[in-house]
Amino acid sequence: MASNATSRNACPPPMKATSNGAFQGDNPLDFALPLAILQICLVLVVARGLAYIMKPLRQPRVIAEIIGGILLGPSALGRNKSYLNAVFPPRSLTVLDTLANMGLIFFLFLAGLELDLKSLHRSGKRVIAIALAGISLPFALGIGSSFVLQQTIAKGADTTTFLVFMGVALSITAFPVLARILAELKLLTTNVGRVALSAAAINDIAAWILLALAIALSGHDRSPLVSLWVFLAGCGFVICAILIIPPIFKWMSQQCHEGEPVEEVR
């Protein structure tokens, strides 16, 4: 019994990066790089195809990408285990998830470059009011629905944890998705886009704090200090991004004049 449980919980063997080729008898899907290329091409083809189909409906491309993810994932095509184990085997998801997160980081960096922080300071009170209004009503609705759902599909769940989790789940704003929509509609640099993105950022911060609280409440064998450290680390990151990183970038921009290469510091 112990050996069977150990074999089920064992990590899958690592994948080699490249193969010797199909003509050498290797299956390219057993190697990380060919499989990652196939996964990326499949995701792009499905996402662009759905975007073309949904173009008459005037829907943003990110909606097509969400639907494509549902279709390619375990909810639709993934129900076929042969397809899932061949195209999206569990041992390949680490590489795919890493590439996806790198792309998300680069996109949010480019979106941040488009924002004007001075204009955000001028509309600070309005942004905070919109953020509070955007998170308060969905959070209240989530709390109300949690009482109904706990009696049906969540029997036995801790009341406080489930209450906070449902409130956060319905009130959180997908910041990357909103940034994609605003960028596609050419609204990212407008006043409406700046206010919407700033309000979404505030909502995200509040939602992640509440989510850390829910995790702390749900962990019976976990110290509550874990969530406190997560919160303090997040605050430290925000302070570092506001007070330390901008002077460094300002110094870097001063070292490179327009039209001239960057001088190496020795």
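Predicted model: local features only at pLDDT ≥ 70, side-chain atom pairs only at ≥ 80, totals over all residues.

Student: OK, how many helices and strands does the protein chain have?
Tutor: The protein chain has 12 helices and 0 strands. Both are DSSP runs numbered from the N terminus, with H or I over at least four residues for helices and E over at least two for strands.

Student: And what share of the protein chain counts as buried?
Tutor: Of its 266 residues, 24% count as buried. Buried means under 20% relative accessible area, exposed is over 50%, and partly exposed is in between, using a 1.4 Å probe and protein chains only.

Student: Let's do packing. How do the axes of helix 2 and helix 3 cross?
Tutor: They come within 8 Å and cross at roughly 130°. That makes helix 2 oblique to helix 3. Axes are lines fitted to C-alpha atoms, for helices over the stretch in contact, and angles run from 0 to 180 degrees between N-to-C directions. Under 35 degrees counts as roughly parallel, over 145 as roughly antiparallel, 65 to 115 as roughly perpendicular, and the rest as oblique.

Student: Is that crossing left-handed or right-handed?
Tutor: Helix 2 passes helix 3 in a right-handed crossing. The near helix is turned clockwise from the far one by less than a right angle in a right-handed crossing, and anticlockwise in a left-handed one.

Student: Which residues make the contact?
Tutor: Helix 2 brings residues including Leu42, Val46, Leu50 and Met54, and helix 3 brings residues including Ile63, Ile67 and Leu71. By class, the contact of helix 2 with helix 3 has 12 nonpolar, 1 polar and 3 charged residues. Nonpolar is Ala, Val, Leu, Ile, Met, Phe, Trp, Tyr, Cys and Pro, charged is Asp, Glu, Lys and Arg, and polar is the others, Gly among them.

Student: Now helix 5 and helix 9, what's the geometry there?
Tutor: Helix 5 (residues 93-113) and helix 9 (residues 175-184) have axes that come within 11 Å and cross at roughly 55°. The pair is therefore oblique, and the crossing is left-handed.

Student: Who meets whom?
Tutor: Leu104, Phe107 and Leu108 in helix 5 meet Phe175, Pro176, Ala179, Arg180 and Ala183 in helix 9. The contact has 7 nonpolar, no polar and 1 charged residues.

Student: Switching topic, where does Arg58 lie?
Tutor: Arg58 is in the loop between helix 2 (32-54) and helix 3 (61-72). Its phi is near 60°, a positive value in a residue other than glycine. Arg58 counts as exposed because its relative accessibility is 77%.

Student: And what is the phi of Lys186?
Tutor: Lys186 has a positive phi of about 60° although it is not a glycine. Lys186 sits in the loop between helix 9 and helix 10 (191-218).

Student: Last one, what does Leu211 touch?
Tutor: Leaving aside neighbours within four places in sequence, Leu211 is in contact with Phe165 and Val168. Leu211 lies in helix 10, while Val168 is one of the buried residues of helix 8.

Note on methods: Residues numbered from 1 in each chain as written. Heavy atoms only, no water. Contact = heavy atoms within 4.5 Å.
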